[in-house]
Amino acid sequence: MGLFVRDRGFYKKVLVIGGPIAAQQIITVGVNMMDTVMLGQLNETALSAAAAATQIHSLFQFMSMGMGMGASVLIARYWGAGDMPSLRKALSLMYRCCLIISLLFTAVVGLTPAGVLALLTPYPKVVAEGVRYLYWALPCFFLFGLSTTTTIVLRNLKQMHIPLIVSVGAFFINIFFNWLFIFGELGAPAMGVAGAALGTLISRCFEFAAICGYFFLVEKKARFRVRDILDPCGDLAPEYLRISLPVMVSDTLLGLGNSVTMAVVGHIGDTFMSAYTITHVTQQIATVFTSGLGQSAVIITGNTLGEGDPDKAQRQGVTFTALGFALGALCGGAIVLISPLVVGSYKILPETHAIAMELMRSVGVITMFMAPASILTKGVLRGGGDTRFLMIADVVFLWVVSVPLGYLAGLVWCWPPFWVFLCLRLDHVIKAVWCVFRLRGRKWIKKIKAAGEGV
């Protein structure tokens, strides 16, 4: 039957699912880039403060994605099997978890914003500006959590166009209100960092109203409504936790790893932190294509296994992996080529410019491995239900290798920026190799129970 998928319908499905997801991610990264560029016109303190504050939101984003993608494994499998009762129970459990975690983040950040930011940066001016951002953006935890998890559900229901259209609207709303409130245009107050947070909040309100409003009031495939969140679903809870909890833990630990990375960078110096902020946005551009391919892999793999065809799922997995390596090489090379243009667009000191250029080269190298690693861990293997293995891999490679090695390279050995960043992201290289062997062994294909099964 061949090692790779030769059916054109498969590649068409990848584009139909992954294309809108990648486009939506490009818009999201575009918003982040515009935030960075606008704040970069003020000063490096504002840039660093927003970077530290948004890192907390990024951690929450990882948890939200973990909740959504954990449920996505079940939803894709149940959708492929035509098991709608189990699918609806998975949705109820997902939304309950989302509301609890949103409340937790809101309480902690609302009560101790300065304490949280002090973990990321030791500079009082940066912390003070970051606190202003966090206060204005506090409601975003609920808004973003619900809209993100709902977006993932809509993608599983083959309604990718809804989140994409909403993201386009949120993009322009965010840019307009950022411009209005950061710089005080059209008679509005010049709020600086707080203005960026207010612009983000307004765009999140629009995003939440449009996406959740459509799903809970209009959507006709799942027909899931707000009252259904309270429906009995205890019989699916053990299976939901078995599959979803490792995904949420894994993604949360990755988010914490990014926060620790930011803390290491912040303690190296504010110049290094500003340079890192610039390169981080560029790295996100490369990951949008990886995210689109990875999330299409979760859906397609889950649907195929739900239909009862593991051999086909294995061939699809090998094909996705090959596409990941090709995509990584393409994106990594593009980052190196465009780095002078990207770094040159910021008003920064010569020292910051030099560090940013080194970091961009390191990003280019890491992206070549990050793309296949992400597609395997967040796509193929996750779609197969191999979530416990992936959680262990994330914990070991990130926290035993990358975090301590990056800390030593940056704060003890004082290596050049290129090598510091390479150490901080070394886990992607190891996972790319490790997960290829896992794919070959076929142990990644797991059985998933339906609601009430085996009870």
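These entries record what I looked up in the predicted model shown above.

**Basis.** I worked on a predicted model, in which local features need pLDDT of at least 70 and side-chain atom pairs count only at pLDDT 80 or more, while totals for chains, interfaces and linings use all residues. Residues are numbered from 1 along each chain as its sequence is written, and side-chain values use heavy atoms, with hydrogens and water left out.

**Overall form.** I looked up the secondary structure and found 15 helices and 0 strands; helices (H or I, at least four residues) and strands (E, at least two) are DSSP runs, numbered from the N terminus. I then noted the extent of the C-alpha atoms, which fill a box of roughly 60 × 45 × 35 Å along the principal axes. Of the 455 residues, 57% are buried. Here buried means under 20% relative accessible area, exposed over 50%, and partly exposed in between (1.4 Å probe, protein chains only).

**Salt bridges.** I counted a salt bridge where a side-chain nitrogen of Lys or Arg lies within 4 Å of a carboxyl oxygen of Asp or Glu. By this rule there are 10 salt bridges.

I looked at R88 and D228, whose side chains meet in a salt bridge at 3.2 Å, N to O. The pair links distant parts of the chain, 140 residues apart: R88 is in helix α3 (residues 84-111), and D228 is in the loop between α8 (193-217) and α9 (237-268). R88 is partly exposed because its relative accessible area is 25%, whereas D228, at 7%, counts as buried.

I next examined D235 and K89, which form a salt bridge with the closest N and O atoms 2.9 Å apart. This pair too links distant parts of the chain, with D235 in the loop between α8 and α9 and K89 in helix α3, 146 residues apart. D235 is partly exposed at 32%, and K89 is partly exposed at 23%.

Within helix α8, I found R204 and E207 to be 3 residues apart, so they are separated by about one helical turn. Their salt bridge has its closest N and O atoms 3.0 Å apart, and both residues are buried. I also recorded a network of salt bridges linking K378, D394, D427 and K431.

**Positive patch.** Which residues form the positive surface patch? I found K13, K158, K221 and K312. Patches are made of residues with over 30% relative accessible area and no salt bridge, like charges being joined within 9 Å and nonpolar side chains (Val, Leu, Ile, Met, Phe, Trp, Tyr) within 5 Å. K13 lies in helix α1 (residues 8-40) and, at 40% relative accessibility, counts as partly exposed.

**Backbone entries.** K158 lies in the loop between α6 (140-156) and α7 (161-183). I noted its positive phi of about 65 degrees, although K158 is not a glycine. R442, in the segment after α15 (426-441), has a phi near 65 degrees, again a positive value in a residue other than glycine. At 36% relative accessibility, R442 is partly exposed.

I27 lies in helix α1 and is buried, with a relative accessible area of 16%. I looked up its C-alpha separation from T319, 292 residues apart along the chain, and found 27 Å.

Terms used: Accessible areas come from the Shrake-Rupley method with a 1.4 Å probe; for residues, only the protein chains shown count as cover. Lys and Arg count as positive and Asp and Glu as negative; His and the chain ends are not counted. The place of a charge is taken as NZ of Lys, CZ of Arg, CG of Asp or CD of Glu.
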